Each structure stands twice: as structure tokens, then as C-alpha cells.
Amino acid sequence: PIAYDTINMSNLTVRTWRASDRMQLPGARGMRSLKRLYAERGIEPDERDHLPILCSGDSIVAAAGIGTEAQFCGQSGFFAVWKR
């Protein structure tokens, strides 16, 4: 889940992964490359080239097949559901 109060909703974008992308998963000791995280999950290179990455500005919020960046998990219990 993504905590609503941790992201700028007006600055969200979706893109594919880049070789320089790194993220920290909740409970992990540090940042890891998306390439390594995909490999650990058995996601083949041709598949990961099509998976969406949710970003807020230059920061990765979440990566399909991997999870949510630790800094965007939050503790408030208000999760990102945008209703018009």
C-alpha cells in the first residue's frame, strides 16, 4: 500500500524502469537496484521492460512486480485512493 500523505498526487507519472533506478523496500537495510530486485523475483529482462514504475517527481513510489518504496509506505493508514 502507498500512504496518501507521503506523495504529491499532482506530480505522479508512470514509466518503465531505467538502469540507474534503485529503491528500498520496507524492512530492507538499504537501497537495491531494480535490476537486482527483478532478478530475485524471477522476472525476465524482456518482461521487466514493460512493467510500470510509479514515480512522484524523480522518486520511485512503486514498481510493478516488486512493491512500494519504503519512504512512501507511511504509518498514517490513509492510503492512496483518488476519487473525483
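Four strands of this predicted model form an open sheet in the order β1-β4-β5-β6, with antiparallel pairing. Strands β1 (12-15) and β6 (67-68) stand at the edges with a single partner strand each, so one side of each is left without a neighbour in the sheet. Two strands count as paired if DSSP finds at least two bridges between them. Helices (H or I, at least four residues) and strands (E, at least two) are DSSP runs, numbered from the N terminus.

The model is predicted, so local features need pLDDT of at least 70 and side-chain atom pairs count only at pLDDT 80 or more, while totals for chains, interfaces and linings use all residues. Residues are numbered from 1 along each chain as its sequence is written, and side-chain values use heavy atoms, with hydrogens and water left out.

## Overall composition

The protein has two helices and six strands. From the N terminus on, these elements run β-β-β-α-α-β-β-β. Of the 84 residues in the protein, 33% are buried; here buried means under 20% relative accessible area, exposed means over 50%, and partly exposed lies in between (1.4 Å probe, protein chains only). The accessible surface comes to about 5600 Å², and 50% of it belongs to carbon and sulfur atoms. These areas come from the Shrake-Rupley method with a 1.4 Å probe, and for residues only the protein chains shown count as cover.

Contact means heavy atoms within 4.5 Å. Among contacts between residues at least 6 apart in sequence, 63% join residues at least 24 apart.

## The sheet in detail

Strands of a sheet pair through backbone hydrogen bonds, either parallel or antiparallel. In this protein, β1 and β4 pair in the antiparallel sense over four bridges, and leucine 12 has serine 56 in β4 as its bridge partner. The antiparallel pairing of β4 with β5 also rests on four bridges; there, isoleucine 53 stands opposite alanine 63 in β5. These two strands, β4 and β5, form a hairpin with two residues between them, and glycine 57 in the turn has a positive phi of about 65°. Two bridges join β5 to β6, which run antiparallel. Alanine 62 stands opposite threonine 68 in β6.

## Nonpolar cores

In soluble globular proteins, nonpolar side chains tend to be buried together. A nonpolar core is defined as a set of buried Ala, Val, Leu, Ile, Met, Phe, Trp, Tyr and Cys residues joined through side-chain atoms within 4.5 Å. The largest such core has 13 residues, of which Met23, Leu34, Tyr38, Ile53, Ile60, Ala63 and Ile66 touch the most other members. Helix α1 (34-40) and the strands β4 (53-56) and β5 (59-63) each supply at least two residues of this core. Helix α1 gives the most, with three residues. Apart from this core lies another, of six residues, among them Ile2, Ile7, Met9 and Ala62.

Isoleucine 60 has contacts that reach beyond its neighbours within four places in sequence; these partners include Arg15, Asp21, Met23, Leu34, Ile53, Cys55 and Phe72.

## An aromatic pair

Rings of Phe, Tyr and Trp (its six-membered ring) pair if their centres lie within 6.5 Å; planes under 30 degrees apart count as stacked, over 60 as edge-to-face and the rest as tilted. By this rule the count comes to one aromatic pair. Tryptophan 17 and tyrosine 38 form it, in an edge-to-face arrangement with 6.3 Å centre to centre and 75° between the planes. The pair links distant parts of the chain, as tryptophan 17 lies in the loop between β1 and β2 (22-23) and tyrosine 38 in helix α1, 21 residues apart. Both tryptophan 17 and tyrosine 38 are buried.

## Selected residues

| Residue | Relative accessible area | Class |
|---|---|---|
| Methionine 9 | 18% | buried |
| Proline 45 | 40% | partly exposed |
| Cysteine 55 | 1% | buried |
| Cysteine 73 | 16% | buried |

Methionine 9 is found in the segment before β1. Proline 45 belongs to helix α2 (residues 45-48). From proline 45 to lysine 35 the C-alpha distance is 8.4 Å, with the two residues ten apart in sequence. As for the cysteines, the structure holds zero disulfides, where a disulfide is a pair of cysteine sulfur atoms within 2.5 Å.
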